[in-house]
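Trainee: Please take a close look at one part of this model for me. I would like to understand its salt bridges.

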Amino acid sequence: MAVITPSIVEGIIHSDSKSFRSLYDAYYSYLCGLAVGYIHDSEKARELVNDVFLRVWERRALLKYPPLPYLISGVRNACYNYLRSCNKVSEVSLTLMERLPDVALYDDTSVEEIVKVIADLSKHLPKRCHEVFVMHFKKCMETEDIARSLGISASTVRVQLKIALEKIREKLKI
């Protein structure tokens, strides 16, 4: 990632398109990767990231340095709204997504590392919780499909997901 300086942000505030292009070039790929991690659709991720950059340009007078935390929050919220609007994931998934910290606000740990930590933590769940967790979050299966596959009720699947998320949150201290 290229370095974005306070002078570049100042240029954007004063409608300098070259400064904005520097911001876009510096963070576009990273933000697309982040969005794909949330919604698992690269084409839609690119569209959402472009929408975020468009909003930044429209509200450029409000832009603050450093811009990356703002961009990350914008992408996460755009993904969250997209998923919620098209009912692509359950409320459990959205709740987990809401509670994930904005990685770049705290350190340079990549999203992939957080996903790996959560995957490792899920291995220590009770067998049924782990099975349901993997089917829902890794295989992107809906509650009803998991229930049919495992021969259990949809409410049992929801309870198992709730238990899994509580245990993982406890370990992550979210």
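Mentor: Start with helix α8, residues 127–138. Arg-128 and Glu-131 sit 3 residues apart in this helix, so about one helical turn separates them. Helices here are DSSP runs of H or I with at least four residues, numbered from the N terminus. Arg-128 and Glu-131 form a salt bridge, with their closest N and O atoms 3.9 Å apart. The term means a side-chain nitrogen of Lys or Arg within 4 Å of a carboxyl oxygen of Asp or Glu. Arg-128 is partly exposed at 33% relative accessible area, and Glu-131 is partly exposed at 30%. Buried means under 20% relative accessible area, exposed over 50%, and partly exposed in between (1.4 Å probe, protein chains only).

A word on the source. This is a predicted model, where local features need pLDDT of at least 70, side-chain atom pairs count only at pLDDT 80 or more, and totals for chains, interfaces and linings use all residues. Residues are numbered from 1 along each chain as its sequence is written, and side-chain values use heavy atoms, leaving out hydrogens and water.

Now go to helix α3, residues 42–58. Glu-47 and Lys-44 lie 3 residues apart there, about one helical turn. Their salt bridge has its closest N and O atoms at 2.9 Å. Lys-44 is buried, at 19%. Glu-47 is partly exposed, at 41%.

Helix α9, residues 143–150, holds Asp-145 and Arg-148, again 3 residues apart. Their salt bridge brings the closest N and O atoms to 2.4 Å. Asp-145 is partly exposed at 32%, while Arg-148 is exposed at 60%. By this rule, the model has 6 salt bridges.

Key: Helices (H or I, at least four residues) and strands (E, at least two) are DSSP runs, numbered from the N terminus.
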